[in-house]
Amino acid sequence: MLKITSRGLSKIMSHEKISIFMSDRRTFLKVAGSSAGAAVLLPRTAALASDTGYPNLAQLRARHESAGIRSPLKTYRMMEWEAHTPPEEHFNINLEAATRAAKDSGAESMMFYSQDHWGYAYYLSDVAVRHPHLDRDIFGTEVSLARKLGMSVVCYFSLQFNNQIVLSHPDYAWVNEQGELQRWDARWYIPCLDSPYRQYVLGMMNEIFSRYEVDELFLDIFGIQFVGFNTSGRSPFCFCKHTEEAWNKDHPDDPYGEGFKTPEGWERRYKWHQQRSMTDILNEIIAAARSQRPNVLISLNGGPESFPDDIMQKVSFIYAEPITTTTGISIGSILMRGWGRPDYQAGVFSKQGYLDLYPGSIPRVKADALIVQNARTFIVGNAPIISDLDGQGFSKRWFAVAKETWADVRNVDSLLEGIRPVLSTAMLYSASTRAALDAQKRPVDFRHSTVGALETLTYAGRPVESLAEFRLTPEELGRFEALVLPEVEVLSDAQAEVIRTWVKGGGTLVASYKCGLLDEKRQARSNFALADVFGVDYESDERKYVREGRENPAWAGAYTSTYLESAGSPLAKMLAVSTVGLAGSFLRLKRTTGEEVMRYRLPFMVEDMEHNHWFNWGSPPPGTETGGTAVAYNRFGKGQSLYLGVPIFWAMQWRPFWIRAWVPELMRQLVKEPIAELRPEPFTEYLHGTFFYDESGEYVLVQFLNAVEAAMEGEYRGIPRVRIGVDGKRLKVTGARMVWPKDEDLEIHSRGGRTEVVLQNPPRYGALFLKLGEPVRP
Amino acid sequence: MGQLGNRRLSRRNFLLSKTTGSSATGRDDATLHPAAVAGQAQTRMPRNARAIVAPNKTYSSMEWEFHTPPEEGFNINLKAAMAAAHDSGVQALMLYSQDHWGYAFYTSDVGVRHPRLADDFFGTEVRLAREEGMSAICYYSLQYNNQVVFNHPDWAWVDEQGVEQRRRMRWYLPCLDSPLASGR
C-alpha cells in the first residue's frame with residue numbers, strides 16, 4: 001500500500017495534473033494490464049480504445065474506481081450532509097453506517113460541517129462555542145471515517161449566519177440604520193465582520209486546519225450583504241458601532257452615517273465594505289487555513305454571478321448553486337464554463353428524505369443535466385443525518401435517492417475528464433453590463449437576459465457557450481460561428497472593434513436592445529457602438545407604452561407593450577401570420593444599410609388607468625400605426641448581423657412561445673451549416689445535448705438528456721427520434737458507437753455534406769462517441 | 001360540393017385535401033405560426049355546415065371577448081371573422097350586446113350605444129353567424145358597467161365610506177337597487 005501522510009496528500013491533491021492516484025500496487029497493475037499498459041502515457045480514452053475501435057467504458061470505469069481518493073477538485077460526485085442543528089438536538093447517529101451509505105451511493109468526496117448556521121462548532125473547539133449536546137468530536141470522526149472509506153473531505157463553514165454569536169453578543173450583530181438585528185428568512189442572524197467575530201472565525205480556521213486532514217474549505221454565506229441584500233434592493237450596510245468606528249478611523253473627515261445621501265458617498269462606503277467583508281476577510285481566512293495546510297483548496301458558495309472577478313481569482317474552482325430552467329437545461333453550468341477554467345461544480349438540491357417528496361428519478365435528471373454540460377455534481381442533502389432517525393440516525397430513503405441520483409453519473413464520469421467543448425455559438429457574458437444594472441438596482445435583469453439567451457440558443461441544438469467578456473479576444477472569438485449579445489448595454493470601443501473585425505471576416509452576430517449604448521465608463525453613446533455592423537442607427541428609447549406594474553407588480557413585465565410584425569423577410573416567415581408581443585420598452589431605429597426583417601406595430605393606446613384609458617382585460621392590442629424598423633438584417637464584409645430593437649432575451653422570463661420558437665429558427669436560418677447539431681424529432685425543448693472532444697481529440701463525446709421527467713414530476717415520456725448531424729468538412733466522422741446506457745455500434749449516413757446519426761427511441765440519458773478520421777487536437 | 005369556412009372547394013379539391021392532410025384553407029402552412037398549424041390539424045374534419053346546433057347541445061361554443069373602450073372603432077371584417085370561427089369548428093357563437101364598459105353594440109333605444117357604433121353590429125353578427133350555420137348566444141355584462149357609473153355616480157355600488165367599487169382597477173359596479181335595473 002502506498003502510504004501517504006496528510007501533508008503529502010495535500011500536496012499531491014493540489015497539483016491539478018495529478019488529481020488521482022492509485023490505491024495499491026495490485027490494483028494499479030491490474031488496471032494497467034487490462035488497458036494495454038499505456039494508460040499513464042496516452043490520453044485516457046484513446047489509451048483504452050478496445051477492439052471495437054472506441055473507448056471502452058467498462059475499462060475506463062474500472063480504472064476510475066481503482067484510482068484511490070479523488071480530489072474535491074476533480075470528482076463528479078460530492079455529497080453534503082446539511083446539518084444546521086438547533087441546540088435542542090442530540091447526535092445519536094451511527095456515523096460509520098451513514099458514511100458507508102454515502103460511499104455506497106457513489107460519493108467520492110464528502111462535505112462535513114465544522115460550524116453551521118446556528119453557529120455551533122461540531123468539533124471539540126477550544127476557541128469557539130461547541131454545540132451544547134456535542135458528546136464527541138463529530139466533525140473529526142466524520143473526517144476519519146470518510147478517509148478510511150477512500151473519500152476526500154471538504155470542511156463546511158458557515159461564515160455569516162451565526163445565531164449563537166448574535167444571541168450571546170448582540171453587539172456583534174449586523175444591524176440596520178435603526179439598530180435592528182438583521183436576519184435571513186426569519187431564521188438566521190448575521191454577525192458583523194467588523195466585530196470581534198472576525199478573530200473568532202480566524203481562530204477556528206487555525207484550529208480546524210491544524211487538527212484535521214481535510215482537502216478543501218467551503219465557505220458558505222460569504223458576502224451575504226452584497227449577494228443577498230444589495231441584489232434584492234436592501235441596504236448592504238451595517239450600522240453597528242464596530243463598523244462605524246472602523247470607518248471613522250480610516251476616514252476622519254467623512255463621518256460614516258452622514259455620507260449615504262450622495263451617490264459618491266454611498267459608492268465609497270460600498271467599496272470599503274466590500275473590501276473588508278469580502279476581499280480582506282477571504283485573504284485572512286485563506287492565510288490562516290494555508291498556514292496549517294498549505295495546499296488546501298478554497299471554494300465559496302457562489303460563482304461569477306455572485307462575486308467580483310478578484311474574488312473568483314482566489315478560489316480553487318468555481319462552484320455555483322444551479323440555475324435551473326423549466327426545460328431542465330443546466331444554464332448555470334454553461335455560465336461557469338464560460339470562465340474558461342477546467343473545473344466547475346454545481347449542486348443538485350435534495351429534499352428531506354423523511355418527507356418522501358419525490359422519486360429519485362427527478363434529482364437523477366438534474367444530475368444528468370449537469371454532466372451533460374460537464375459540470376461536477378454535488379448533492380446537497382437536506383438534513384439527511386438526524387439523531388435517532390430511521391433507527392440509525394440517518395434517512396435510509398434519502399441515501400437511496402442519492403444513489404439513484406448518481407445512477408448515470410457514476411457510470412459515465414470516467415468519460416468526462418479532459419473533454420473540450422465543440423464550439424459553435426457564443427453568448428457574451430458582460431460583467432460590465434451586470435455591474436451597470438446593479439448600479440441601477442436592476443441586478444436581476446441581466447440574469448434574465450443571459451438565461452433567456454442560453455436557453456433559447458440551446459433549443460437550436462447547436463453547441464452553446466457563455467463567453468466571459470475578459471475572454472473576448474480575436475483568437476477566442478475566431479473559434480465560434482455565431483455570437484449573441486443579449487441586451488449587452490456596456491461595450492468598450494476595444495470590444496466593439498474585436499466584434500466588428502470578426503463579423504467582417506465572416507462571423508454571424510445577433511444583438512438586441514441597447515447593445516453598446518454605454519461605453520466602458522458607463523457613459524452614454526449617441527449611437528450603437530456597432531451601428532455600422534447592425535445596419536441601423538439608434539434614435540430613441542420609446543417608453544410611453546411601458547407600464548411599471550401599477551396594478552399588480554407581478555404583471556409589470558408580463559404586460560405587453562411592444563408589438564412586432566413581419567416585414568416580409570424570409571427570416572420572419574414563421575411569424576408572418578400576425579403580430580407578436582413582449583414587455584418592456586423598444587428602441588426606435590433608423591435604417592442605414594440593414595434590411596427590414598420586422599417592424600413595430602404600435603399599441604392601440606397608451607394605457608392610463610387613472611383616466612380610464614385601457615382596453616379589455618389586458619394590454620392594449622396592436623393599433624393601426626406602425627413604428628418603423630424593429631429587426632434588421634445586415635451583410636457586413638463576409639459576415640452578417642441580425643439586430644433586434646427589443647429586449648427579446650430578457651422577455652424570456654415569461655417564456656412567450658414565439659420567442660422560444662423563433663430564436664432557434666433564426667439561428668438555423670443564419671447559420672445553415674453548423675459544425676454540429678442535435679435535434680429531437682418531433683421537436684421538444686426538453687431534450688438537449690452537448691458535443692465535446694475527448695482528451696485525445698480522436699472522438700467527439702455526444703451526451704443527450706430528455707429532462708421532461710423533472711418538469712412532469714416523475715412521469716417519463718419518451719421521444720421517437722434524435723438526429724445528430726455534423727459538418728462533414730470540419731468533422732470527418734468515420735463511425736459512431738453508443739457507450740451508455742448500452743454498447744452499440746450506430747450507423748452513420750451522409751446527407752448534403754453532413755454526417756448524421758439517427759437514434760430511434762433514445763433513452764432518457766445517453767452517451768455516444770463519434771469517431772473522427774482526422775483528430776482535432778487542442 | 002364541400003364547404004369549409006366561406007371557401008367553396010370543388011369535390012375533387014375537397015377530397016384531395018382530405019387525403020393529403022393538407023390545409024383545407026388553401027394557405028401555405030409554412031407561413032403559419034406553429035401553434036396555428038397544430039390547431040388547424042385538429043379541426044380538419046368535415047362538418048355539415050347547415051345543421052345549426054343549439055347552444056345547450058353543442059360541444060363547441062366560442063366567445064369573442066369584446067370589452068371595447070370608447071376610443072376604439074369597428075373596422076372589422078365580420079364576414080371573414082365569422083368564416084374563421086366556423087372554420088375553427090364553432091357551432092355556437094357568443095356575441096356581445098353590452099360589454100363591461102357598458103356600451104350597447106346594437107342600435108339600442110334604451111341602452112347607451114358605443115360612441116363609435118355605426119350600425120347594428122350585434123345584429124349583423126347574429127345574422128352572419130346564422131348564415132354560417134352557427135347558433136348565436138347573446139352576451140350581456142350585468143354588473144360591470146363603466147359608462148353608467150361615470151354618467152350616474154349615484155347609481156354606483158359604494159362602500160360604507162361612499163367609495164365607488166371597482167374590480168381590478170378597471171370595472172365599475174352599478175347598484176341593482178338604482179334605476180339601472182328598471183331601465184329608467
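Predicted model: local features only at pLDDT ≥ 70, side-chain atom pairs only at ≥ 80, totals over all residues.

Colleague: Which residue is the bridge partner of Leu483(A) in β15(A)?

Modeller: Leu509(A).

Colleague: And what packs on the sheet there?

Modeller: Helix α18 (residues 443-459) of chain A does, touching β12 (425-429), β13 and β14. The direction of α18 makes about 175 degrees with that of β12(A). Helix α20 (residues 493-504) of chain A packs on the sheet too. α20 touches β14, β15, β21 (622-636) and β22 (639-644), and its direction makes about 125 degrees with that of β22(A).

Colleague: What's the strand order in the sheet?

Modeller: β13-β12-β14-β15-β22-β21-β20-β17-β18, all in chain A. That is an open sheet of 9 strands with mixed pairing.

Colleague: Which strands stand at the edges?

Modeller: β13 (464-468) and β18 (580-582) of chain A. Each has a single partner strand, so one side of each has no neighbour in the sheet.

Colleague: How many degrees does the twist average from one strand to the next?

Modeller: 25 degrees.

Colleague: New topic. Which residues of helix α6 in chain A are buried?

Modeller: α6 covers residues 138-148, and its buried residues are Ile138(A), Phe139(A), Glu142(A), Val143(A), Leu145(A), Ala146(A) and Arg147(A).

Colleague: What covers them?

Modeller: The cover includes α5 (95-105), β2 (109-115) and β3 (152-158) of chain A.

Colleague: And just after α6(A), which residue takes a positive phi?

Modeller: Gly150(A), with a phi of about 85 degrees.

Terms used
Residues numbered from 1 in each chain as written. Chains lettered and ligands numbered in written order. Buried ≥ 20, exposed ≤ 12 C-beta atoms within 10 Å, placed from the backbone. Helix = DSSP H or I, 4+ residues; strand = E, 2+ residues; numbered from the N terminus. Contact = placed C-beta atoms within 7 Å. Pairing = 2+ DSSP bridges. Axes fitted to C-alpha atoms, helices over the stretch in contact; angles between N-to-C directions.
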